[in-house]
Amino acid sequence: MSDKENGLTDVSGLDDLFAVARNTPVEMPASLTAAILADASQVQELHRQAALQSLPGASRGEQGAAQRLWRQFSAAVGGWPSLGGLAAASLTGLWLGLAPPSFLPDPVASYAAFSSGSELISNQGYDVSLMMSDEVFE
Amino acid sequence: MVHSDPISAAQPPLQGLPAWQRCRVSEAHAQQPGKAESGVSDDALLVLFTNGDARAAAALTERLGPRAFGVAMRVLGNRAAAEDITQEAMMRLWRMAPDWQPGQAKVSTWLYRVVMNLCIDLKRRQRGGHVDLDAIPDPPDPGRSAPEQLQDTARHDALQQALMLLPERQRQAVVLRHIEDLTNPEISGIMEISVEAVESLTARGKRALAKILANRRDELGYSDV
């Protein structure tokens, strides 16, 4: 046998030792196998819960439904940038209504000129007799 | 043996899962068309595991656990530490299972890399370690005579003792190449070094082992006849 002839004085003599090591079966202790499988079971449960949560339409309560509705609305109008523009336009309109430039009629001032509601209604052209009819106040 | 028909056995856990997960099972199985259950790829078993198949966990543990444990034992020379590292490596395997991309790499290569990195981390923490040769299992071989088995045991232990005297990286490379029987490119991927560096480490490791064991050749039955 060449290994025996060479002994371990050169590298080729190691091949026999490596073969012995390769042929030595490595058996895991049963306790280690059980621990690994217990870990696997726990992780599988976590994966299962994560998969269920990722399913579309998964119930997460009313708060979750409200959040989804808001997200759908936000997405429909174009996201946060569009919502910001919408808010700015609304505030601008409100401001123009409360404090219009001089070249525009002032609705607040025109309403404030009347001292009573009936005066305002009659001045705006509403038919007071119609407003006071039984049909309206029933 | 895990189950006789892995594809049909995988169907119940798939109920109610998103389509992309069901597709991953089909893709993984498609890599092993017509193979028997014992030939189900590690990739497919990982997908089955993600889908809740407990038998896939058992099959992967049976297939990969001893390899992780064996290499950790060889590199660390300590049974208790090897057990801890094997459990941790398998835990990482379970956790990463949903993110595994079938066909891109071998699961065993990934696991070897994790084991090696855990061994390095442990060695860094311990700065020393010790050889626990009593914990190394004797080679049961009923086909061999008692003297032959004793000699195998002596050779096995002598090799492990010599391995523990090698520098860490040389030991890893030699164990992966000559005991785990991996190719140099595989070891290159595991140790994250070039193939040339693997060749250099294994060559230097073998020379060092030969030098360490040279004065034990009579004891190990290598004396000239």
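Buried residues make up 12% of the 138 residues in chain A; a residue is buried if 20 or more other C-beta atoms, placed from the backbone, lie within 10 Å of its own, exposed if 12 or fewer, and partly exposed in between. The model before us is predicted, with local features needing pLDDT of at least 70 and side-chain atom pairs pLDDT 80 or more, while totals for chains, interfaces and linings use all residues. Residues are numbered from 1 along each chain as its sequence is written, and chains are lettered from A and ligands numbered from 1 in the order in which they are written.

Chain A has 9 helices and 0 strands. Helices (H or I, at least four residues) and strands (E, at least two) are DSSP runs, numbered from the N terminus.

I turn now to chain B. Which residues touch the most other members of the largest nonpolar core? Among its 65 residues, they are B:L45, B:A68, B:A72, B:A89, B:L111 and B:V115. Helix α4 (residues 54-76) of chain B supplies the largest share of this core, 12 residues. Such a core is a set of buried Ala, Val, Leu, Ile, Met, Phe, Trp, Tyr and Cys residues joined through C-beta atoms within 7 Å. In soluble globular proteins, nonpolar side chains tend to be buried together.

Neighbours within four places in sequence aside, B:V115 is in contact (C-beta atoms, placed from the backbone, within 7 Å) with B:A68, B:V71, B:A72, B:I85 and B:A89.

Next, a helix pair. The axes of helix α5 (residues 79-96) of chain B and α6(B) come within 9 Å and cross at roughly 135°. Axes here are lines fitted to C-alpha atoms, for helices over the stretch in contact, and angles run from 0 to 180 degrees between N-to-C directions. α5(B) is therefore oblique to α6(B); angles under 35 degrees count as roughly parallel, over 145 as roughly antiparallel, 65 to 115 as roughly perpendicular and the rest as oblique. By class, this contact has 10 nonpolar, no polar and 2 charged residues. Ala, Val, Leu, Ile, Met, Phe, Trp, Tyr, Cys and Pro count as nonpolar, Asp, Glu, Lys and Arg as charged, and the others, Gly among them, as polar.

Helix α6 (residues 107-126) of chain B also holds B:I120. Why does B:I120 count as partly exposed? Because B:I120 has 15 C-beta neighbours inside 10 Å. B:I120 and B:L76 are 44 residues apart in sequence, and their C-alpha atoms are 9.2 Å apart in space.

Conventions. Two residues are in contact if their C-beta atoms, placed from the backbone, lie within 7 Å.
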